[in-house]
Amino acid sequence: MGSETSLRLPIIDFSTQPLKPGTQEWNTVRDQVREALEEFGCFEAQFDKIPLDIRRAIFDALQELFDLPLQTKLRNVSRKPFHGYVGQYPEVPLYESMGIDDANIHEKVESLTKILWPQGNPKFCNTIQSYSEQLSELDQIIRRMILESLGVEKYLEEHMESTNYLLRVMKYKGPQTTETKLGLNAHTDKNIVTILYQNQIEGLEVQTKNDKWISVKPSPDSFIAMIGDSLYAWANGRLHSPYHRVMMTGNEARYSAGLFSIPKAGYIVKAPEELVDDDHPLLFKPFDHVEFLGFYFTEAGQRAESALMTYCGV
């Protein structure tokens, strides 16, 4: 099915001052977040806390990273599925990506930087860490608003401490044709919240609840915030975890960076009892996100219409 260009994701402005819990401005934005996540599972976020020089530098850093020799990129390995270097897949030949765990913590980014550039690369390290740390503020605002809107803010501290950050950076080569080619298969994210930032090469598409595909065209200054299956399960289905894909055309490469808040290994994702009632029966049994991710990348997980439902559905 082709893209539905007449639809557009909601645009929510987080730059309003003062955006502080308890204020009318906060409550207004919180209501917009809840409505967007119920209907679309994602929205375009305007957030001006990241300086322009950092936003520009992130794409220079990504280009420098992906220009490294393949043997160097392959040094980025991880025991967690999809956290290290990913590429060379025949079914998605335009796509390669790399994960940077705990990208908001300078020492962790520096450690990976030294693996890729033994001589060091302070500019790359500082750009990645600064960008991730400042964008994590938006993640925390969104998650606080979600818990408030669900009436379960008493779990806020536990919820925030249950996750860490992965910055997944991605490159999609231009297919060198005017025909549209698959950049990345349709999928739902498996984490809590994803915040995407892209250069101005389009390609991201999001599927609506009635199976229409929206071509997402964010402004150069905005981000796409999206929830994943772990938050969908934790909220007991009260929010929507959307399918999305990347479709490429033309000659230019698309670079994007996704900041993922991810449940820590050993943390059990479980819907609060306040979100389970006669109108909202429990949808999923408690699960460990890392173990669920392991199942998702098995043949059975890839074949399942909903890996989450197959893995832990009630």
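These legends walk you through several close-up views of the predicted model.

This is a predicted model, in which local features need pLDDT of at least 70 and side-chain atom pairs count only at pLDDT 80 or more, while totals for chains, interfaces and linings use all residues. Residues are numbered from 1 along each chain as its sequence is written, and side-chain values use heavy atoms, with hydrogens and water left out.

**View 1. The annotated stretch, residues 162–263.** Let's start with a record: an unreviewed UniProt entry gives residues 162–263 the annotation "domain: Fe2OG dioxygenase". UniProt positions are given here in the numbering used for this model, feature names are shortened, and annotations may be inferred rather than shown by experiment. Helices (H or I, at least four residues) and strands (E, at least two) are DSSP runs, numbered from the N terminus.

**View 2. Strand β12 and its two partners.** Ten of the ten residues in β12 are buried, where buried means under 20% relative accessible area, exposed over 50%, and partly exposed in between (1.4 Å probe, protein chains only). Follow the side chains along the strand: R254, S256, G258, F260 and I262 point one way, and Y255, A257, L259, S261 and P263 point the other way. Strand β5 (residues 163–172) pairs with β12 in the antiparallel sense over ten bridges; two strands count as paired if DSSP finds at least two bridges between them. Strand β7 (residues 193–198) also runs antiparallel to β12, joined by six bridges, and there Q198 stands opposite S256.

**View 3. A closer look at S261.** You will find S261 in strand β12, which spans residues 254–263. Why does S261 count as buried? Because its relative accessibility is 0%. Its bridge partner is Y165. Leaving out residues up to four places away in sequence, S261 touches D139, R143, T163, N164, Y165, N191, I192 and V193, where contact means heavy atoms within 4.5 Å.

**View 4. Strand β11 and its neighbours.** Strand β11 (residues 244–250) is mostly covered, with five of its seven residues buried. Five bridges pair it in the antiparallel sense with strand β6 (residues 177–187), and K181 has M248 of β11 as its bridge partner. Strand β8 (residues 204–207) is joined to β11 by three bridges, again antiparallel. Here L204 stands opposite V246.

**View 5. The largest pocket.** The largest pocket holds about 1100 Å³ of space. Of the 48 residues that line this pocket, the closest to its centre are H187, T188, D189, K190 and Y296. On a 1 Å grid over the protein atoms alone, a pocket is an open set of points where a 1.4 Å probe fits, with protein on both sides within 12 Å along at least five of seven lines, and lining residues have an atom within 4 Å of a point. The lining divides into 25 nonpolar, 15 polar and eight charged residues.

**View 6. The second largest pocket.** About 320 Å³ of space lies in the second largest pocket. Its lining has 15 residues, of which N76, V77, S78, D101 and L112 are the closest to the centre. The elements giving two or more residues to this lining are β4 (95–101) and α4 (106–116), and the largest share, four residues, comes from α4.

Note on methods
Points joined across faces, edges and corners; volume = space filled by probe spheres on them. Nonpolar A, V, L, I, M, F, W, Y, C, P; charged D, E, K, R; others polar.
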